[in-house]
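Here are my notes on the model, point by point. Please read them with the structure open.

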Amino acid sequence: MTKLTKRGFLKAGLATAVAAGFPAIVPSSVFGQYAPSKRINVAAIGTGRISRGHDMPEVMKYDRARITAVCDIDPHRVEEAKLLVNDFYTKKTGKPYDGVKTYADYHDVLANPDIDAVIISTPDHWHAIQAIHSVRAGKDVYVQKPASLTIAEGRAMSNAVLASGRILQIGSQQRTNMPQFRTAAELVRNGRIGDLQRVEIGLPGDPAGGDPTPMPVPDGFNYDAWLGSTPYVPYTLDRVHPRVGYDRPGWLRLRQFGAGMITGWGSHHIDSAHWGMDTEHTGPVEVWCDHVEYPTSGLWDVHGKFRTEALYANGVRMSVSGDYPNGIKYIGSKGWLFVSRGDSAATASDPKSAPSPKLSASDPKILTSVIGPDEVHLYKADEQHGNWLDCVISRETPISPAELGHRGCSTCLVHDIAMMLKRKVYWNPVQERFKNDDEANAMLSRPMRAPYGI
């Protein structure tokens, strides 16, 4: 019995009682609404900037979940994460708390049967791989956007989730935490600006810079595992993350680990735009690059200023550029509607954009229009992590499931490929391949360095 967890013992006890003919009734004083047997045990994989500033705090505020483990290959960060979580629950319960276990290898997290679900807040190049491994291990998953490093990885992730029956939520919190995006999508879907003709998305670029000088790997930091499936390159601070503090990390500005802002914020805005366009399960059919700038010096190499264009099968045209205000402008035959985050940001170190209204329109009456009971009403949830936890319990589909996250991310990556090639590409969103374009199709995936692949 000493090898049984409390949860396993209680489950075994209930099964025995039922088998013996006794009613499986346990007093509420034993279970309680969120007693350990009913609570979702969550592990945080990756404990850096987005985890500390967004993912862990949002999960910890819900009594139906408890973060019981933290995992990071940086020993300094994992210890600080343990302290963060223990301090939170100490203050919340009013009693000393030390219930968080630390891990250096996420595979050990997945092997623990007492962990029900994981939050994946690692760098972009690890998202899809760890999500696939997690659902195959029977864990429910909350994974930060963008969904994947490549389109092939994203498709593999969505397929793995479907096959596993697990609940996976993408961190596309504009759908929940910022309700103006749902309001805008509903107004557009219900024809308040007439027939949708054009969508303009404002996205910033990244600056040049970064010191490429190789440095010694910090003691205890498993740099090889941090690089994961990507090629080995020398360690330098600006390639990874700060050794002290949790400011914006350099890896966000390196193509080895992501595509820059086109997937960083693009995964949010294009996902939200697809919501309003009713194209969540598809993508563009043509994408071309009007203009793009890449750094000519320094370490960082993702795009700077750019402008891409896309055409959808329904005739709607999308433009994406930093020349537009940060947000989404829907333009229809009878007016326009603009939506943005306003002054909201996921973390304090997120890039700042010029202040803009959360919701505005060519005619103020558009914004006060009431959506009737027989019109289109979109999925409504108040908070992304809370919706995920609700669905872990109910087994219903969350607001940002794997397939929608993949479709939004894959569209961003098609734009990125058009920028890299600096020409028009013709995309088949059903087959998820480019038409008669071997050069572009070769960019759908990347070689994976052993032993860190799918």
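1. Strand 9 (residues 306–311) and strand 10 (residues 317–321) pair in the antiparallel sense, over five bridges. Within this pair, E309 stands opposite S319 of strand 10. Helices (H or I, at least four residues) and strands (E, at least two) are DSSP runs, numbered from the N terminus. Two strands pair if DSSP finds at least two bridges between them.

2. A word on the basis. This is a predicted model, in which local features need pLDDT of at least 70 and side-chain atom pairs count only at pLDDT 80 or more, while totals for chains, interfaces and linings use all residues. Residues are numbered from 1 along each chain as its sequence is written, and side-chain values use heavy atoms, with hydrogens and water left out.

3. Axes are lines fitted to C-alpha atoms, for helices over the stretch in contact, and angles run from 0 to 180 degrees between N-to-C directions.

4. What is the strand order in the open sheet of six strands? The order is 3-2-1-4-5-6, with parallel pairing. Strand 3 (101–103) and strand 6 (168–170) are the edge strands, and each pairs on one side only. From one strand to the next, the twist averages 25°. Strand 5 (residues 140–143) pairs with strand 6 in the parallel sense over three bridges. There, Y142 has Q169 of strand 6 as its bridge partner.

5. Helix 4 (residues 75–93) lies across strand 2 (65–71) and strand 3, and runs at about 165° to strand 2. Helix 6 (residues 127–136) lies across strand 1 (40–45), strand 4 (117–120), strand 5 and strand 6. Its direction is at about 180° to strand 4.

6. Helix 3 (residues 49–60) packs with helix 4 at an angle of about 30°, and their axes are 12 Å apart. That makes helix 3 roughly parallel to helix 4 (angles under 35 degrees count as roughly parallel). On the helix 3 side, the contact uses R49, R52, M56 and M60. These meet R77, E80, A81, L84, V85, F88, Y89 and K92 in helix 4. The contact residues divide into seven nonpolar, no polar and five charged. Here Ala, Val, Leu, Ile, Met, Phe, Trp, Tyr, Cys and Pro count as nonpolar, Asp, Glu, Lys and Arg as charged, and the others, Gly among them, as polar.

7. Helix 13 (residues 384–394) is mostly covered, with eight of its eleven residues buried. Buried means under 20% relative accessible area, exposed over 50%, partly exposed in between (1.4 Å probe, protein chains only). The buried residues are Q384, H385, G386, N387, W388, L389, C391 and V392. Their cover includes strand 1, helix 3, strand 2, strand 4, strand 5 and strand 6. Just after helix 13, R395 takes a positive phi of about 70°.

8. Check the backbone at a few other places. Most residues other than glycine have a negative phi, and most peptide bonds are trans. D278 is not a glycine, yet has a positive phi of about 60°. It sits in the loop between helix 11 (266–277) and strand 8, and is exposed at a relative accessible area of 51%. N436 also has a positive phi, near 50°. N436 lies in the loop between strand 15 and helix 15, and is exposed at 83% relative accessibility.

9. Which residues does a cis peptide bond join, with omega about -5°? They are K145 and P146, and P146 is in the loop between strand 5 and helix 7 (151–164). Another cis peptide bond joins A450 and P451, with omega about 5°. P451 is in the segment after helix 15 (438–441).

Key:
Contact means heavy atoms within 4.5 Å. Angles under 35 degrees count as roughly parallel, over 145 as roughly antiparallel, 65 to 115 as roughly perpendicular and the rest as oblique.
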